[in-house]
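Hi,

Here's the structure I promised to pass on. Have a look at it first, and my notes on what turned up follow below.

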Amino acid sequence: MAEVIHEAALHRFHVVRPEGEGKLLYREAGPGVLEYWHTEVDPGLRGQGVADQLAQAAFDYARGASLKVIPSCPFVQTWLKRHPAERDLVVAR
């Protein structure tokens with residue numbers, strides 16, 4: 001399992017391993033709301049759960065900071081179907 005780093009200045013959650021990188025990008029979508037708009041994992045890391053780790057870290061951050069989330073990224077939308085306990089953080093655009 002890779003460590004997920006939150007790089008707030010770059011608006012991303014990031015994983016770096018020898019096989020490649022993964023990132024989940026976000027932007028502020030209003031007061032107290034983050035839009036998770038893009039997830040990308042290098043081919044060398046795919047199939048290892050890195051995208052899941054990124055999504056979980058992003059939702060853990062939102063919950064800890066009392067923020068809401070707009071999941072416009074297709075991966076995050078799919079991830080939410082498998083993690084219904086996180087849906088309470090979701091708001092409509």
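**The sheet and what packs on it**

Leucine 34 sits opposite valine 69, which belongs to E5. Keep in mind that this is a predicted model. That pair is part of a parallel pairing between strand E4 (residues 33–41) and E5, which runs over four bridges.

Zooming out, you'll find an open sheet of five strands, ordered E1-E2-E3-E4-E5, and the pairing is mixed. Strand E1 (5–7) and strand E5 (68–71) are the edges, each pairing on one side only. From one strand to the next, the twist averages 30°.

Helix H1 (residues 50–64) packs on this sheet and touches E1, strand E2 (12–17), strand E3 (20–30), E4 and E5. The direction of H1 makes about 165° with that of E4.

**The core**

The largest nonpolar core has 24 residues. Those touching the most other members are Phe13, Leu24, Tyr36, Leu54, Phe59 and Val76. Two or more residues each come from E2, E3, E4, H1 and helix H2 (74–82), and H1 gives the most, with eight.

**The two helices**

How do H1 and H2 meet? Their axes come within 10 Å and cross at roughly 80°, so H1 is roughly perpendicular to H2. On the H1 side, the contact is made by Ala51, Asp52, Ala55, Gln56 and Phe59; H2 brings Phe75, Val76, Trp79, Leu80 and Arg82. By type, the residues in this contact are seven nonpolar, one polar and two charged.

Cheers

Terms used:
Residues are numbered from 1 along each chain as its sequence is written. This is a predicted model: local features need pLDDT of at least 70, side-chain atom pairs count only at pLDDT 80 or more; totals for chains, interfaces and linings use all residues. Side-chain values use heavy atoms; hydrogens and water are left out. Two strands pair if DSSP finds at least two bridges between them. Axes are lines fitted to C-alpha atoms, for helices over the stretch in contact, and angles run from 0 to 180 degrees between N-to-C directions. Contact means heavy atoms within 4.5 Å. A nonpolar core is a set of buried Ala, Val, Leu, Ile, Met, Phe, Trp, Tyr and Cys residues joined through side-chain atoms within 4.5 Å. Buried means under 20% relative accessible area, exposed over 50%, partly exposed in between (1.4 Å probe, protein chains only). Angles under 35 degrees count as roughly parallel, over 145 as roughly antiparallel, 65 to 115 as roughly perpendicular and the rest as oblique. Ala, Val, Leu, Ile, Met, Phe, Trp, Tyr, Cys and Pro count as nonpolar, Asp, Glu, Lys and Arg as charged, and the others, Gly among them, as polar.
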